[in-house]
Amino acid sequence: MRVDKEQISGVRFMFTIVLYLESSALLTGFLIPVTRHESWLTVLSGLIVSIPVIALFRAIMLMFPDMNLIQVLERVFGPVLGKVLGLSYIWWFLNLTSLNLRDLGDLTKIVILKDTPALVLMVLCIIVTSYAVRYGIKVVTWYSALFMTLGFAILAISVLLVMNQIRFENFLPVFSLPIKKYLHSTHMISTIPLGELMVIMMMTPNVRMSRKDATKYIFGGYFLGGATLLITIIRDIGVLGPTMGLFALPSLMTLRLVRLGEALSRMEILFAIALISQLAFKVMFLHYISVITIAQMFNVRDYKRISLVTGALVIAYGLTLYDNIVDHAVSAQVFAPVFWVIFEMLIPLIVFVTAKLRKLPEIRGT
Amino acid sequence: MALFALGSLLLPLAGCWNQHELNKTFIVTGIALDQAEESGLLEVSLQIEKSEPESASSGSEGGQEKSSPTLVLKSVKSTMAQGIADINLRTSREVFIPHNQIMLFGTALAEEGMEQYMDMLLRDPESRMDVQMAIVDGKASDVLAADTGQELVSGTHLSNIINQQSQISTQYSTRITDFVRKLLSGSSSPVVPIVKLTKENEKESVSIEGMAVFVKDKLVGRLSNDEAQSYVWAMGDVKGGSFTAGSGDNLAVFLVDSLDCKRKVKKNGQSVRVEFEVDTVLRVSQIIGFTEVKFPDLIQKLTQTAQEEIKKKVEQTYESARGMGADIYDLGLSVYRKDPGEWESMKDQWGELFSKSELEVSVRAQIVDLGKSLLTIGMESASREGR
């Protein structure tokens with residue numbers, strides 16, 4: 001049974017990947033305490049190191065072009081183990097959605113609405129995303145091109161506006177840290193957010209593309225989105241220098257320093273609204289993934305019915321995930337990079353190897 | 001489309017929590033921190049731009065006249081955050097900090113250390129890191145209450161002066177982010193403009209009188225205006241300004257078109273050698289004397305005069321900084337950036353190494369413009385008499 005029968009084009013699929021990574025640019029702040037001004041190097045190395053992982057996702061998608069991840073797990077591991085793994089993915093997708101929803105609440109509180117309770121922001125966001133999820137993949141990804149273009153425009157304009165404050169010296173010295181730090185930071189960026197792209201395996205049957213197009217769109221989206229992560233962190237290091245480590249959201253601080261005379265200053269609110277819109281897209285996309293995963297697992301014929309309930313679960317879970325932003329940062333540095341490897345790399349790798357060993361048929365591209 | 005409309009209408013609803021009504025807001029245009037008379041306490045002063053100049057306010061404690069366009073609210077508490085919270089409690093409106101133009105610190109407070117005050121400025125979601133900082137020669141709150149006659153609001157007036165100077169070189173201004181960046185470097189000494197309030201014939205004026213020099217977060221000394229200028233030269237990337245060079249009856253005023261400086265640090269056994277290579281393009285604004293100089297030698301003589309003056313000034317300022325043990329030139333930072341391994345071996349003794357460092361200054365000046373006149377009246381007269 002396929003939960004959502006709608007399909008999107010390969011191009012829109014690519015825009016979705018780009019936007020997913022673009023909206024994760026705010027999270028590069030997690031790297032700064034580890035590799036400080038050299039974090040741009042680890043973003044670059046993370047992008048390179050993750051290429052085989054993305055290739056693995058692509059290979060599985062092409063192997064089972066008519067199945068989403070939950071169906072693949074049952075096909076490869078059988079109904080019992082497949083269901084167990086499927087349940088663990090439900091938890092993981094809900095976890096991702098809740099984390100991003102909480103990020104959205106925290107960001108909005110820090111940037112614009114400091115007195116508004118995070119719960120209100122989260123509830124309003126989920127009402128909107130639940131509405132979109134009810135209409136399926138087409139509506140969920142409808143604005144991806146618009147928001148992606150908006151993201152590129154924000155990045156380009158912000159780089160131009162802070163160009164006069166970028167100091168080359170802020171990038172020096174290079175390769176001055178112990179190798180362990182580079183490995184840790186590279187691993188972090190590989191898991192948050194590059195490895196998170198495994199969520200695209202839940203979309204496989206909903207994307208119209210050939211084998212050849214799959215490579216183009218998946219890697220095209222990956223590199224375009226990755227480039228925005230790299231440029232964002234280079235901009236922030238160049239402008240903020242050593243002060244970058246002080247802030248929860250370095251990108252926001254960079255945008256606050258934009259000042260070209262009196263007229264072109266205090267514009268961060270415009271950027272912030274755009275960034276929040278991007279993050280809202282990511283929450284909406286992950287909410288959709290969570291809903292169809294649950295529907296697929298429990299054979300819910302009309303997944304629309306569980307959209308709002310799943311949203312409520314995401315809010316409740318999001319509120320209990322961590323007590324404060326420090327716990328979140330520590331979790332992102334210590335816990336998540338280790339634990340998420342299981343979902344992002346280990347299980348997909350076992351799926352691929354098992355499928356090959358069992359000589360499961362490689363079905364033609366849709 | 002329905003989704004877009006839903007998002008656009010629903011999400012802004014959350015903003016109702018953070019409503020700021022203009023008639024219930026005190027817009028802060030300047031903040032001053034001083035040591036309070038009571039030991040261990042801090043005097044926090046906020047300059048508020050009145051939306052209705054004649055109206056009286058429930059929270060006015062600054063003794064401002066009714067006609068003043070600003071009022072100064074004060075509180076004495078142990079921390080800056082408590083001070084602002086206390087002002088909020090005692091006034092009829094809520095203070096709104098994002099439009100603050102300047103952050104002033106009294107000298108006595110700066111001598112005690114500034115790091116603790118930076119924290120609130122960095123942490124508070126409303127405060128901005130690009131606000132200019134200044135040290136007030138005396139009590140900082142006096143500057144907030146000053147009526148300079150040039151701008152309605154002294155905070156804006158000061159901010160404008162500093163912004164204008166920063167057009168010549170960004171080193172003339174120190175934003176909160178610049179100060180914190182130097183503190184975090186571990187070896188660099190922040191330099192902050194000094195503001196002086198003077199009264200003459202009942203008229204008040206505020207001016208920038210040199211720069212305050214810090215070691216870590218404590219004020220340890222000051223540079224005069226001339227020294228501040230040569231400090232800015234040594235930091236390079238200068239796009240303006242002027243200076244007078246020469247001696248006795250022979251004086252020339254030069255306008256700086258551009259000036260750059262390469263700074264090198266070389267470790268020589270147990271000592272450090274610093275090299276400044278100044279490269280500048282100048283225009284001549286005024287010449288006094290030089291009557292004995294023949295026209296073909298004029299450019300060379302002026303160039304030599306300018307080079308000697310720049311060299312002398314840079315050396316004098318370096319000497320002042322060395323005397324204070326303040327690495328205002330980011331020399332330690334440049335060693336770290338170039339060779340972290342070498343810096344590791346030097347960083348513990350850097351203060352001592354800098355204090356004993358030797359400086360070599362080389363100046364290359366190029367005069368590109370003499371103005372409309374090629375000679376002075378005196379030179380022309382001497383030339384005629386000689387003929």
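How many residues does the contact take from chain B, and how many from chain A? It takes 23 from chain B and 25 from chain A. Keep in mind that what you're looking at is a predicted model. For the complex, the predictor gives an ipTM of 0.83 and a pTM of 0.87.

**Where the chains touch**
- Sorted by class, the side of chain B that touches chain A has 14 nonpolar, five polar and four charged residues.

**Chain B as a whole**
- Chain B is built with 13 helices and 13 strands.
- Its C-alpha trace spans about 85 × 60 × 55 Å along the principal axes.
- Chain B has 387 residues, and 41% of them count as buried.
- Take the contacts in chain B with a separation of 6 or more: 70% of them link residues 24 or more positions apart.

- The average pLDDT of chain B is 87, and 92% of the residues score at least 70.
- Residues 55-65 of chain B are another story: pLDDT stays under 50 there, and the model has 23 contacts beyond four places in sequence for this stretch.

**A helix pair in chain A**
- Helix 8 (residues 144-162) and helix 10 (residues 211-240) of chain A pack at an angle of about 25 degrees, their axes 11 Å apart.
- Angles under 35 degrees count as roughly parallel, so that's the label for helix 8 and helix 10 of chain A.
- Their crossing is left-handed.
- From helix 8 of chain A, the residues that meet helix 10 are A:Gly151, A:Leu155, A:Ser158, A:Val159 and A:Val162.
- Across from them in helix 10 of chain A sit A:Thr228, A:Ile231, A:Thr232, A:Arg235 and A:Val239.
- By class, that contact comes to five nonpolar, four polar and one charged residues.

**A:Tyr222, also in helix 10 of chain A**
- A:Tyr222 belongs to helix 10 of chain A, and it counts as buried because it has 26 C-beta neighbours inside 10 Å.
- Setting aside neighbours within four places in sequence, A:Tyr222 is in contact with A:Ile17, A:Ile54 and A:Leu197.
- A:Tyr222 and A:Ser50 are 172 residues apart in sequence, yet their C-alpha atoms are 9.8 Å apart in space.

**An enclosed helix in chain B**
- Helix 8 (residues 225-235) of chain B has nine of its eleven residues buried, so the rest of the structure largely encloses it.
- Among those buried residues are B:Glu227, B:Tyr231, B:Trp233 and B:Met235.

- Most residues other than glycine have a negative phi, and most peptide bonds are trans.
- A:Leu172 and A:Pro173 are joined by a cis peptide bond, with omega about -5 degrees; A:Pro173 lies in the loop between helix 8 and helix 9 (179-194) of chain A.
- The bond from A:Ile192 to A:Pro193 is cis too, with omega near 10 degrees, and A:Pro193 is in helix 9 of chain A.
- A:Asn299 isn't a glycine, but its phi is positive, near 50 degrees; with 8 C-beta neighbours inside 10 Å, A:Asn299 counts as exposed.
- B:Phe290 has a positive phi of about 60 degrees, and with 22 C-beta neighbours inside 10 Å, B:Phe290 counts as buried.

Note on methods:
Residues numbered from 1 in each chain as written. Chains lettered and ligands numbered in written order. Predicted model: local features only at pLDDT ≥ 70, side-chain atom pairs only at ≥ 80, totals over all residues. Contact = placed C-beta atoms within 7 Å. Nonpolar A, V, L, I, M, F, W, Y, C, P; charged D, E, K, R; others polar. pLDDT = per-residue confidence, 0-100. Helix = DSSP H or I, 4+ residues; strand = E, 2+ residues; numbered from the N terminus. Buried ≥ 20, exposed ≤ 12 C-beta atoms within 10 Å, placed from the backbone. Axes fitted to C-alpha atoms, helices over the stretch in contact; angles between N-to-C directions. Parallel < 35°, antiparallel > 145°, perpendicular 65-115°, else oblique. Left-handed = near helix turned anticlockwise from the far one by under 90°.
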